[in-house]
Amino acid sequence: MIYILKFIAAFLLPPGLFVLLGIILSVYLWRRRQNFGRFAFSLSAVLTLLLYFSSTLLGAKLLGQPLENRYSQQPAAAQVIVVLGGGSVGSVPDGTERGGLMSAGAARLLTAARLAKQHSLPVLISGGQVFRDGVSEALVAERILLQLGLPQEQIIVETRARTTKENAAYTAMHCRERGYQSVLLLTSALHMPRSMQFFERYLGEQGVKVAAYPCDYTLNPQGKFNPRWLVPQLQAFDVTCMALHEYVGMAGAFLQR
């Protein structure tokens, strides 16, 4: 009964509700195809199928897992951990302070803190203020690392980067200034392939070795197929959208060479 209720609820809330409305519209256009023509039905049907596919765990896995599985968590010898910002929210309460990190940024930072303590490595946090109503991700992350017990001398802050490309460019400057020859790049698994494109380009030009350490995984690589994969889910739609964003960004990075 629990699974039946979850299945019904999936089509009463977005994105399942929009899929259901698309099906209803497609059936209506098919029945009135003499008035509206076959093109209207075909367009509605294709858009509904795309929305349905994008909203399922099956679609999310087909698009997202090639990105998340490209690199594995294999700590390599490095002189510094570079953690990329994953979004921040300005002015929200965070204990006695203001400004917080979004889920991706928080997951990345927690992994970076653990690695820094395990291997006694400095952490370079890269992330500036993207929008006027936001806050510098690096400054918020610095505050959190200090609260987690990481000493100030182990934290390096880069507050200018607003894009992955700028993350790589400004990190390359810090590496040149501090003499780093090897870095451990830490970001979300979906984001890692595009990040490596830029970091291998900018840091590789000055002979710095870049090793990947993905985190913040969204998909279970060993999950077996089950009916839940075919039910529209907001989380699956979110992963699909993020994966598409990464593919577009990777194509753009390739064209910028």
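Helices (H or I, at least four residues) and strands (E, at least two) are DSSP runs, numbered from the N terminus. The views below show a predicted model, in which local features need pLDDT of at least 70, side-chain atom pairs count only at pLDDT 80 or more, and totals for chains, interfaces and linings use all residues. Residues are numbered from 1 along each chain as its sequence is written, and side-chain values use heavy atoms, with hydrogens and water left out.

**View 1. Arg201 in helix α9.** Arg201 sits in helix α9, residues 192–202. Arg201 is buried yet has no salt bridge. Buried means under 20% relative accessible area, exposed over 50%, and partly exposed in between (1.4 Å probe, protein chains only). A salt bridge is a side-chain nitrogen of Lys or Arg within 4 Å of a carboxyl oxygen of Asp or Glu. The nearest side chain of opposite charge is Glu205, 6.2 Å away. For charge, Lys and Arg count as positive and Asp and Glu as negative; His and the chain ends are not counted. Leaving aside residues up to four places away in sequence, Arg201 touches Met196, Ala253, Phe254, Gln256 and Arg257. Contact means heavy atoms within 4.5 Å.

**View 2. The salt bridge between Glu246 and Arg194.** Side chains of opposite charge can pair when their charged atoms come close. A search of the whole structure finds three salt bridges. In this view, Glu246 and Arg194 meet at 2.8 Å, N to O. Glu246 lies in helix α10 and Arg194 in helix α9, so the pair ties together parts that are 52 residues apart in sequence. Glu246 is buried, with a relative accessible area of 6%. Arg194 is buried too, at 11%.

**View 3. The salt bridge between Asp94 and Arg143.** The closest N and O atoms of Asp94 and Arg143 are 2.5 Å apart. This pair links distant parts of the chain, 49 residues apart. Asp94 belongs to strand β2 (residues 88–94), and Arg143 to helix α7 (residues 137–147). Asp94 is partly exposed, with a relative accessible area of 27%. Arg143 is buried, at 14%.

**View 4. The salt bridge between Arg162 and Glu166.** The two side chains meet at 3.0 Å, N to O. Arg162 is exposed, with a relative accessible area of 52%. Glu166 counts as buried, because its relative accessibility is 19%.

**View 5. Helix α4 and its neighbours.** Helix α4 runs over residues 38–55 and has 18 residues. From first C-alpha to last, α4 reaches 26 Å, close to the 26 Å expected at 1.5 Å a residue. The expected span is 1.5 Å times one less than the number of residues in the helix. Which residues of α4 are buried? They are Ser44, Ala45, Thr48, Ser54 and Ser55. The buried residues of α4 pack against α2, α5 (57–68) and α10 (234–255).

**View 6. A nonpolar surface patch.** Met1, Ile4, Leu5, Phe7, Ile8, Leu12 and Leu13 form this patch. Together they have about 760 Å² of accessible area. Patches are made of residues with over 30% relative accessible area and no salt bridge; like charges are joined within 9 Å, and nonpolar side chains (Val, Leu, Ile, Met, Phe, Trp, Tyr) within 5 Å. Accessible areas come from the Shrake-Rupley method with a 1.4 Å probe; for residues, only the protein chains shown count as cover. Leu12 lies in the loop between α1 (2–10) and α2 (16–31). Leu12 is exposed, with a relative accessible area of 55%.

**View 7. Backbone exceptions.** Most residues other than glycine have a negative phi, and most peptide bonds are trans. The peptide bond from Pro14 to Pro15 is cis, with omega near 0°. Pro15 lies in the loop between α1 and α2. Ser91 is not a glycine, yet has a positive phi of about 70°. Ser91 is in strand β2 and is exposed, at 59% relative accessible area. Asp216, also not a glycine, has a positive phi of about 55°. Asp216 is found in the loop between β7 (209–215) and α10. Asp216 is partly exposed, with a relative accessible area of 24%.

**View 8. Arg176 in helix α8.** Arg176 is found in helix α8, residues 164–178. Is Arg176 buried or exposed? Arg176 counts as exposed, because its relative accessibility is 54%. The C-alpha atoms of Arg176 and Gln65 are separated by 34 Å. Along the chain, Arg176 and Gln65 are 111 residues apart.
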